[in-house]
Amino acid sequence: LGKKGRLEDKRLNKILVRARRSGIIERQESASMLPGMVLDVEPHHIILDLCAAPGSKTMQVLELMHRDRGFDVLEPPPGLLVANDFKSKRVNR
């Protein structure tokens, strides 16, 4: 990483930016990774996320709810995830 926290390898940086914009990968701060790991989310859990914007934490929880279900399963997990945020400015980022 360079002085501004950006990759100095311009080719790799370009690949990562394209992948993020297309939805293949998502950036996430390490603090946002903790809730899903600490709560040990299972597919049958009912979860209310009231600090959901911009969405990386919510997506991680959703992925945890779908883990071990495979790509061929068309039915959603038995649990429920409700995501909302108090600050509308954060939602519109």
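Contact here means heavy atoms within 4.5 Å. Buried means under 20% relative accessible area, exposed over 50%, and partly exposed in between, with a 1.4 Å probe and protein chains only. Helices (H or I, at least four residues) and strands (E, at least two) are DSSP runs, numbered from the N terminus.

This is a predicted model, in which local features need pLDDT of at least 70, side-chain atom pairs count only at pLDDT 80 or more, and totals for chains, interfaces and linings use all residues. Residues are numbered from 1 along each chain as its sequence is written, and side-chain values use heavy atoms, with hydrogens and water left out.

Start with helix 3. Its buried residues are Ser-56, Lys-57, Thr-58, Gln-60, Val-61, Leu-64 and Met-65. They pack against helix 2 (30-38), strand 1 (46-49) and strand 2. Just after helix 3, Asp-68 takes a positive phi of about 65°.

Now take the helix pair. Two packed helices are described by the angle between their axes and the distance between the axes. Axes are lines fitted to C-alpha atoms, for helices over the stretch in contact, and angles run from 0 to 180 degrees between N-to-C directions. For helix 2 and helix 3 the angle is about 30°, and the axes lie 9 Å apart. The two helices are therefore roughly parallel (an angle under 35 degrees). Helix 2 supplies Ser-32, Met-33, Pro-35, Gly-36 and Met-37 to the contact, while helix 3 supplies Ser-56, Lys-57, Gln-60, Val-61 and Leu-64.

Lys-57 lies in helix 3. It counts as buried because its relative accessibility is 18%. Leaving out residues up to four places away in sequence, Lys-57 touches Gln-28, Ser-32, Pro-35, Asp-49, Cys-51 and Ala-52.

Next comes the core. A nonpolar core is a set of buried Ala, Val, Leu, Ile, Met, Phe, Trp, Tyr and Cys residues joined through side-chain atoms within 4.5 Å. The largest one has five residues: Val-41, Ile-47, Val-61, Leu-64 and Met-65. Helix 3 gives the largest share of this core, three residues. Val-41 contacts Gly-36, Ile-47, Val-61, Leu-64, Met-65 and Arg-67, with neighbours within four places in sequence set aside.

Finish at Pro-77. This residue sits in the loop between helix 3 (56-66) and strand 2 (80-83). Pro-77 counts as buried because its relative accessibility is 10%. Its C-alpha atom is separated by 5.4 Å from that of Pro-43, 34 residues apart along the chain. Not counting residues up to four places away in sequence, Pro-77 touches Pro-43, Met-65, His-66 and Arg-69.

How values were computed. Angles under 35 degrees count as roughly parallel, over 145 as roughly antiparallel, 65 to 115 as roughly perpendicular and the rest as oblique.
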